[in-house]
Amino acid sequence: QVQFVETGGGLVQPGGSLRLSCIVSRSVDTIWTVGWYRQGLGKQRELVASLNLNGRADYGDSVKGRFTISRGSAENTLHLQMDTLKPEDTATYYCNSVPAGTWGQGTQVTVSS
């Protein structure tokens with residue numbers, strides 16, 4: 001089972017930025033597609049960004065142009081740069097493969113003034 005540990009969440013004001021990080025239990029280059037998901041309170045978990053081994057990145061409409069997914073300098077890391085954050089981005093964020101396997105604990109992002 002591949003394991004994922006997410007860090008970097010926190011409280012940020014609207015318009016601010018956060019960078020999430022994910023440590024994966026094996027090289028990201030052994031997983032065809034990796035992604036960042038989020039789940040807001042009372043909402044279904046959704047895929048917001050994905051990245052495949054060809055370097056193709058895809059984003060949900062709600063985050064397109066504001067979020068950037070990337071591999072880290074270490075082969076087992078993944079990042080999500082989140083800019084121009086909005087209150088509706090408030091959620092617990094998870095990294096995982098696409099399709100998803102076992103979930104980690106996630107990291108909470110709260111966007112509020």
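D29 is partly exposed, at 47% relative accessible area (buried means under 20%, exposed over 50%, partly exposed in between; 1.4 Å probe, protein chains only). R71 is also partly exposed, at 27%. Their side chains form a salt bridge, 3.3 Å from N to O (a side-chain nitrogen of Lys or Arg within 4 Å of a carboxyl oxygen of Asp or Glu). D29 sits in the loop between β3 and β4, R71 in strand β7, 42 residues apart. Strands are DSSP E runs of at least two residues, numbered from the N terminus.

This is a predicted model: local features need pLDDT of at least 70, side-chain atom pairs count only at pLDDT 80 or more, and totals for chains, interfaces and linings use all residues. Residues are numbered from 1 along each chain as its sequence is written, and side-chain values use heavy atoms, without hydrogens and water.

## The network at D89

R38, E46, R66 and D89 are linked in a network of salt bridges. D89 and R38 are both buried. Their closest N and O atoms are 2.9 Å apart. D89 also meets R66, at 2.7 Å from N to O. R66 is buried too.

## The nonpolar core

The largest nonpolar core has 26 residues; W36, L80, M82 and Y93 touch the most other members. Such a core joins buried Ala, Val, Leu, Ile, Met, Phe, Trp, Tyr and Cys residues through side-chain atoms within 4.5 Å. Strand β3 gives the largest share, four residues.

## Strand β10

T107, V109 and V111 point to one face and are buried.
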